[in-house]
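Welcome! Let us take a walk through this structure together, one stop at a time.

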Amino acid sequence: MRQFFPVEDLARDDRFVQTNMAERMADKRTALNMKKSAKSRGASNRLTPDRHDASDAARSLMHGIMVGEIQALEGAGRTAHDFEAGDGSDGTIPFELKLDMARQAWDEARHVEISAKLSDWMGTELGQFQENTVLFEAACSNDPVLRLAGVNRALEGLAIDVFTQMKEFGQIAEDPFLEFCEDWMLADEVTHVKMGSDWLRRVTEHDPERRAKALEFQQVVDKLFSFGGARGDTDESPIGLARRFRELAGFTDDEVDTIAEMDHDALEERKAAIQRAHETTSA
Amino acid sequence: MSSTHVTVAPEQFSLVKYDADRIAEITRELADALGVSNPIAVEVDERTPLSKMSATVDGASSDATVTLRVQSGALEDTKHLTNFSETRARLSLGRVMLRARDRLRPDFADAPDDLELTNAQNAAWDTYCGGRLERLGLGPVQQQYRYDFRNRFGFTDDADREFDRVWAADDLTWADLDGLG
């Protein structure tokens, strides 16, 4: 079986249309309320059921979760297969890490099925929204340690934030299936991040340079996954940062603070870019 | 060919790939199908990808101007962002035009302005519009409307029965919709 799949070769049927971050960020429109400060009344962009567009926003996010789960399944499966079993050096990974990746792939396959059923429940057709392939792109590194940082810590960390938000949405809306399903998937995601944190530490135990490089890569991916500030600590971001669950998954307070700062910077950069685009349009 | 006078603003789009003439054509087709002969002004806010919509009518006569305000997301192809979707446009403009047509009736005189409606009032009225759009053959996804309705009226069998009644109705008044739940 072929190893090291490029993102362009992901198998999808014709219901799915793919996009990437460059295309997404080229869209100069914004859903952000540019006129209000984060503290002003009504400035919250948080995805909660009392938003007038709550159902539409939840449907779009749920579809994003479903395609994200497909890519996470593909990423974990690739990592289990792409590298030979060994001691973690010279492009090998410990056999037990392969087993963890296989277990994760099994979890993600279940999440895909759950998310597809939830999408149906919410009135969404599979492929109704475009699929951003940025998640799988983080799983294409030739170094398995970078994959652990990019996929298990950054991607699955984002999943913790998103599932926490959707679980709260279901809880407040009293949607019995949404809250229940998100809670179960959230538990799996915490485990996946913990696996990534543990393996990253073990495999790089005697190689601090490799560990530093992996954590640096994680920061790059984390910034990408803030989606221009769509995730962040303030209510300006639709998705909150799930600090408690991240802590359970092995993130330190400093690491979460760093992610929060990157999210904030990404939000401000996005707002500035949109402001410039609107000024150009108006001129 | 419809004689309904339709204007679309802006005439040229710069942030999305929409064609004002095509939007006007679709609006005229919908006006014919819904029996709306009033002049219609469509205003598209292309600065936001959100999809909020509202309709206002400046009077109750047949020459009163109907103004349909839509955010660009309401007309968008969700598989190809910033591109126009004829299907979505028909459903969105049809829904907001049905609201405008309702507002021309005396038994909707008490309905608040669209932007003043509560989330529950919005969901009830959207359901009423969705059922009528289905019978026009425009193909709204009923489950989507049902989920919106459940979000506002509860995930219960009673709420589902109310949804089915409103979806199947053609002659409700504002008091009927406002009294739901």
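**A pair within one helix**

Asp56(A) and Arg59(A) sit three residues apart in helix α2 of chain A, so about one helical turn separates them. This is a predicted model, and in it the two residues form a salt bridge whose closest N and O atoms are 2.9 Å apart. Side chains of opposite charge can pair when their charged atoms come close.

Next, please find Asp188(A) and Arg110(A), which form a salt bridge with closest N and O atoms 2.9 Å apart. Asp188(A) belongs to helix α6 of chain A and Arg110(A) to helix α3 of chain A, so this pair ties together parts that lie 78 residues apart in sequence. Here Asp188(A) is buried, with a relative accessible area of 13%, while Arg110(A) is partly exposed, with 35%.

Over all chains, a search of the whole structure finds 47 salt bridges.

Now let us move to the place where the two chains meet. The size of an interface is often given as the accessible area lost when the parts come together. Chain A and chain B bury about 2,600 Å² between them, with 51% of it on carbon and sulfur atoms. On the side of chain A, Arg29(A), His52(A) and Trp121(A) lose the most area to chain B, and together they account for 27% of what that side buries. The contact draws 34 residues from chain A and 28 residues from chain B.

How many salt bridges cross this interface? The rule finds two between chain A and chain B. Arg29(A) forms a salt bridge with Glu76(B), where the closest N and O atoms are 2.5 Å apart. There are also 16 residue pairs in polar contact across the interface of chain A and chain B. Several helices of chain A each supply at least two residues to the side that touches chain B: α2 (54–82), α3 (95–122), α5 (144–173), α6 (176–203) and α9 (253–282). α2(A) gives the most, with four residues. The residues on this side of chain A divide into eleven nonpolar, nine polar and 14 charged.

Our last stops are in chain B. Strand β3 (residues 53–57) of chain B is mostly covered, as four of its five residues are buried. β3(B) pairs with strand β4 (residues 66–71) of chain B in the antiparallel sense, over five bridges. In β4(B), Val66(B) is the bridge partner of Val57(B).

Finally, look for Ala169(B), in the loop between α5 (157–168) and α6 (174–178) of chain B. Ala169(B) is buried, with a relative accessible area of 11%. Leaving aside residues up to four places away in sequence, Ala169(B) touches Tyr128(B), Arg132(B) and Arg135(B).

Technical notes:
Residues numbered from 1 in each chain as written. Chains lettered and ligands numbered in written order. Predicted model: local features only at pLDDT ≥ 70, side-chain atom pairs only at ≥ 80, totals over all residues. Heavy atoms only, no water. Contact = heavy atoms within 4.5 Å. Buried area = accessible area lost by both parts, 1.4 Å probe. Salt bridge = Lys/Arg side-chain N within 4 Å of Asp/Glu carboxyl O. Polar contact = N/O pair within 3.5 Å; in protein donor to acceptor, adjacent residues only side chain to side chain. Nonpolar A, V, L, I, M, F, W, Y, C, P; charged D, E, K, R; others polar. Buried < 20%, exposed > 50% of the residue type's maximum accessible area, 1.4 Å probe, protein only. Pairing = 2+ DSSP bridges.
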